[in-house]
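This report walks through one structure for a reader who meets it here for the first time. Please keep the sequence and the three-dimensional view at hand while reading.

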Number of protein chains: 2
Amino acid sequence: MTRTAAQRRAEEKAAYNAFFAACPSRQLLDRISDKWVVLVLCALGEGAEDGSPRTLRYSELARRIAGVSPKMLTQTLRSLEQDGLVTRTVVPTVPVTVSYALTDLGSSLHGLTRSLRAWAQDHMDAVLAHRATAGRAAGGGS
Amino acid sequence: MTRTAAQRRAEEKAAYNAFFAACPSRQLLDRISDKWVVLVLCALGEGAEDGSPRTLRYSELARRIAGVSPKMLTQTLRSLEQDGLVTRTVVPTVPVTVSYALTDLGSSLHGLTRSLRAWAQDHMDAVLAHRATAGRAAGGGS
DNA sequence: CAGCATCCCTTCTGATACTG
DNA sequence: CAGTATCAGAAGGGATGCTG
């Protein structure tokens, strides 16, 4: 059981492994593997590569991400805020104004979510084609 | 790259856009934004960059992805097979043997899932730190 | 070994309605 | 505008038992 400090450090460095059920990274993976998370990060990150924060208001996000209910949008934003991926800024104007923006951490994930969205759009036809042929290859079908 | 505004409009209109609720790519995005999908693709794709298919048996997958129930594993594999991301090969040995492997389509997504898993593992500490400070920011920290 | 079927509980998610 | 609260239905997901 005796381990050197170097060994222990190396172990801690590779400590997180999403293949392990008990690993916290599994939960994190579950969180970011979410339709709304991907779309929110995509919306907030679009056009922000140049460094401009691209802050979006709550209603702007809701408009951009068609079909999202206020509940899910709020829930998603809250979890992202808690995890340090987005910032929430409240401006106490008369009709209160709330704007959201990506943090550096969020930006680092945005690239992936954008690719994910792009993949879904780019390969939609291929998947659709496969679904159409699937199931009839086995001769099954009543 | 010179495109008229009309051409660009037509192109955007025709393309899949996950921001639209009715767009099929929204459903596809929802499908691939799944914990088990990510882990299965990660498991099947590991070490397959050189072209070796890296086929895994059902039980091997189950062992690798700790904590997955047979139900979820089968369900995930079926959906991936239907969408043309993995192939399912049955070898009629006495104890029947079933192996799974990524298709080209699946391989194209594997890079993203691997990055996703890596992101979760790499930024776990940062997220954990943020969660710890979240909520107590208003009352000062300890 | 590799599933499928079933039960059953939990979580998620989407309307709807209401508030500061 | 930017949420919050509540409810009901849908889906997720585990445990168990059973096949080929």
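What distance separates a phosphate oxygen of DNA strand C from an N or O atom in the side chain of R78(B)? The distance is 2.6 Å. This is a predicted model, in which local features need pLDDT of at least 70 and side-chain atom pairs count only at pLDDT 80 or more, while totals for chains, interfaces and linings use all residues. Residues are numbered from 1 along each chain as its sequence is written, chains are lettered from A and ligands numbered from 1 in the order in which they are written, and side-chain values use heavy atoms, with hydrogens and water left out.

A residue is called near a strand if one of its heavy atoms lies within 4 Å of it. Around DNA strand C there are 15 residues, of which K71(A), M72(A), S59(B), T74(B) and R78(B) come nearest. For DNA strand D, sugar and phosphate account for 68% of the atoms that come within 4 Å of the protein.

| DNA strand | Residue | Distance |
|---|---|---|
| DNA strand C | R78(B) | 2.6 Å |
| DNA strand C | R88(B) | 2.8 Å |
| DNA strand C | Y100(B) | 2.8 Å |
| DNA strand D | S59(A) | 2.7 Å |
| DNA strand D | R78(A) | 3.2 Å |
| DNA strand D | R88(A) | 2.7 Å |

Two or more residues of the surface near DNA strand D are given by each of α4 (58–64), α5 and β3 of chain A, and by α5 of chain B; here helices (H or I, at least four residues) and strands (E, at least two) are DSSP runs, numbered from the N terminus. The surface near DNA strand C takes its largest share, three residues, from α5(B). By class, that surface has seven nonpolar, three polar and five charged residues, and the surface near DNA strand D divides into seven nonpolar, four polar and five charged. In this scheme Ala, Val, Leu, Ile, Met, Phe, Trp, Tyr, Cys and Pro count as nonpolar, Asp, Glu, Lys and Arg as charged, and the others, Gly among them, as polar.

**Strand β3 of chain B**

Two strands pair if DSSP finds at least two bridges between them. Strand β1 (residues 56–57) of chain B pairs with β3(B) in the antiparallel sense over two bridges, and S99(B) is the bridge partner of R57(B). Strand β2 (residues 86–91) of chain B also pairs with β3(B) in the antiparallel sense, over six bridges, with V86(B) standing opposite L102(B). A hairpin of five residues joins β2(B) to β3(B).

**Chain A**

Chain A has seven helices and three strands, arranged along the sequence in the pattern α-α-α-β-α-α-β-β-α-α. Of its 142 residues, 39% count as buried. T97(A), found in strand β3 (residues 97–102) of chain A, counts as buried because its relative accessibility is 17%. The side chain of T97(A) makes a polar contact with the side chain of T93(A), at 3.0 Å.

Definitions and conventions
Polar contact = N/O pair within 3.5 Å; in protein donor to acceptor, adjacent residues only side chain to side chain. Buried < 20%, exposed > 50% of the residue type's maximum accessible area, 1.4 Å probe, protein only.
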